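Please read it alongside the sequence and the model.

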Amino acid sequence: MSRSASPVGEPTEPRAVARGVSVVIPVKDRVAEMRRQLRSLRDAAPNCPEPVEVVVVDDSAPAAAAAHRAACAEYGARYVRGPRHVGAKRNLGVRHARYDLLLFTDSDCRVPADLITRYAARLRASGEEVAGVTGPVVVEPGDSAFFRVMRRSYLLLGDLTRPLHYERVSWGAGANMALKRSVFEAVGGFPEDSPMPLGGEDLHLGLLLTDAGYALLTDPGGVITHDTGVADTFRAVAYRFTTYGRSEQWLCLAHPHRRRFVLNTASTLAVTALAGLLTARRSGGRSLLAVPAVAAAVIAAKTPGRLGGDRGPRAVAESMACAAIETLFDGAAFVTSLRLGRPDLLFTGFRAPDEADYQPDEADYQPDGTDCQPDGTDCQPDGADRRPDEVDRRPVPPVAAPPVAA
């Protein structure tokens, strides 16, 4: 890892790109988590035969920023002061980066000792049609009752483990994705105009790559461990669902050909409430009872998909609670549609290009975590841990090599 000090903000002059791996990490606060990540990268970097640097882009308040600077100095990373938006942070990190391979991960994650080595080898051996490689992100199990509820949420955690099941995907999580710098720059990098500081920027970049004809390969053994905090408290989950719901509507506008009809719970309840109000006088107010009845029916309909293999009373209660909490996502999408003046988005969702063909269905998600353990012991690169309903699904066929920008 690089031991040099880093300037703040934009580079003062263009950097010559050399052969090696630049790890780019956006951060805000999370001082303890960032130190753990830097420690894991310090242990992983010497295993790679190529030079490795770590670039940390931060917009923390002064006290946390000073702690991050100190941690970067201790662990040999380069500190860059950056903007609030995560996509803009990552782009700024790339502009400061020295090397031709880019590894994106997050401050609240930890990388295994062989990750940089295996990704670099995979990308060096790939053809021009390959943009990058992505692996699963496994959330460390929590002890709280709330975590037991939210571990059942495919909406919150399911997309993180898609690389366990397929040879190629249309996008990878920003917490675990390595790209060729030439391709990253050819498609323009991460978006910087999404409505929330984070959420949807990695999916948007993946679609740019996919639409340009590039392939994103998966490495089921490239497991990154995510801190349990992402699903351990209501505040953290509510923030993510609100962010994801707003970002989904932005993605629908940015990629209109990816839109699809969805039965948005909040929109459904709003229509039901409006109908109940319009008929309340004739029904003596009984029509308003349709609102809680519809809410209960929607939650009951969504519950089986969160049960997994357990049908006990606690599993049912946790699954119902999970389905109820997920309505925060629909609520955020509903409010965003109204704020945008786009009623056509009230029953609209976003579909990634591979979802209909080979992405696991929500009902297939295993909430007990049997797909992969945080230490990677159950993640089989040969696909041995795929469930029967996924083995027969075809991966994306090979794509033609697109031109690579000079």
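Which residue in β9 is the bridge partner of Gly 132? The bridge partner is Leu 179.

## Basis

This is a predicted model, in which local features need pLDDT of at least 70, side-chain atom pairs count only at pLDDT 80 or more, and totals for chains, interfaces and linings use all residues. Residues are numbered from 1 along each chain as its sequence is written, and side-chain values use heavy atoms, with hydrogens and water left out.

## Overview

The protein has 15 helices and 13 strands. These are DSSP runs, numbered from the N terminus: helices are H or I with at least four residues, strands are E with at least two. Of the 406 residues, 53% count as buried. Buried means under 20% relative accessible area, exposed over 50%, and partly exposed in between (1.4 Å probe, protein chains only).

Contact means heavy atoms within 4.5 Å. Among contacts with a separation of 6 or more, 82% come from residues 24 or more positions apart.

## The sheet

An open sheet of 8 strands runs in the order β3-β2-β1-β4-β9-β6-β10-β8, with mixed pairing. Two strands pair if DSSP finds at least two bridges between them. β3 (78-81) and β8 (168-169) stand at the edges, each with a single partner strand, so one side of each lacks a neighbour in the sheet.

Strand β9 (residues 176-180) pairs with β6 (residues 130-134) in the antiparallel sense, over 3 bridges. β4 and β9 also pair in the antiparallel sense, over 5 bridges. Here Leu 102 stands opposite Leu 179 in β9. In β9, 5 of its 5 residues are buried. Both faces are covered: Asn 176, Ala 178 and Lys 180 lie on one side, Met 177 and Leu 179 on the other.

## β1 and its crossover

8 of the 10 residues of β1 are buried, so the strand is largely enclosed by the rest of the structure. β1 runs parallel to β4, joined by 5 bridges. Ala 18 stands opposite Tyr 99 in β4. β1 also pairs with β2 in the parallel sense, over 7 bridges. Pro 26 stands opposite Val 57 in β2.

From β1 the chain crosses through α1 to β2, a right-handed β-α-β crossover. Right-handed means that, with the strands pointing away from the viewer, the path from the first strand over the helix to the second runs clockwise.

## Helix α1

Helix α1 (residues 31-44) has 14 residues and reaches 20 Å from its first C-alpha to its last, close to the 20 Å expected at 1.5 Å a residue. The expected span is 1.5 Å times one less than the number of residues.

Its buried residues are Met 34, Gln 37, Leu 38, Ser 40, Leu 41 and Ala 44. Seen down the axis of α1, they fall within an arc of 160°, so they line one face of the helix. The arc is that of the directions from the helix axis to the C-beta atoms. These residues pack against β1 (18-27), β2 (52-58), α2 (62-75), β4 (99-105), β5 (109-110) and α4 (115-124).

## Nonpolar cores

A nonpolar core is a set of buried Ala, Val, Leu, Ile, Met, Phe, Trp, Tyr and Cys residues joined through side-chain atoms within 4.5 Å. The largest has 51 residues. Val 21, Val 23, Leu 38, Ile 116 and Met 150 touch the most other members. α4 gives the most to this core, with 5 residues. A second, separate core of 17 residues includes Val 24, Ala 97, Phe 104 and Tyr 214.

Leaving aside neighbours within four places in sequence, Ile 116 is in contact with Val 21, Val 23, Leu 41, Ala 44, Ala 45, Cys 48, Val 52 and Leu 103.

Ser 247 lies in helix α9 (residues 234-254). Ser 247 is buried, with a relative accessible area of 2%. Beyond its neighbours within four places in sequence, Ser 247 is in contact with Met 196, Leu 198, Gly 199 and Gly 200.

Helix α13 (residues 313-339) has 27 residues, which should span 39 Å at 1.5 Å a residue. Its end C-alpha atoms are 40 Å apart, which agrees. Just after α13, Gly 341 takes a positive phi of about 65°.
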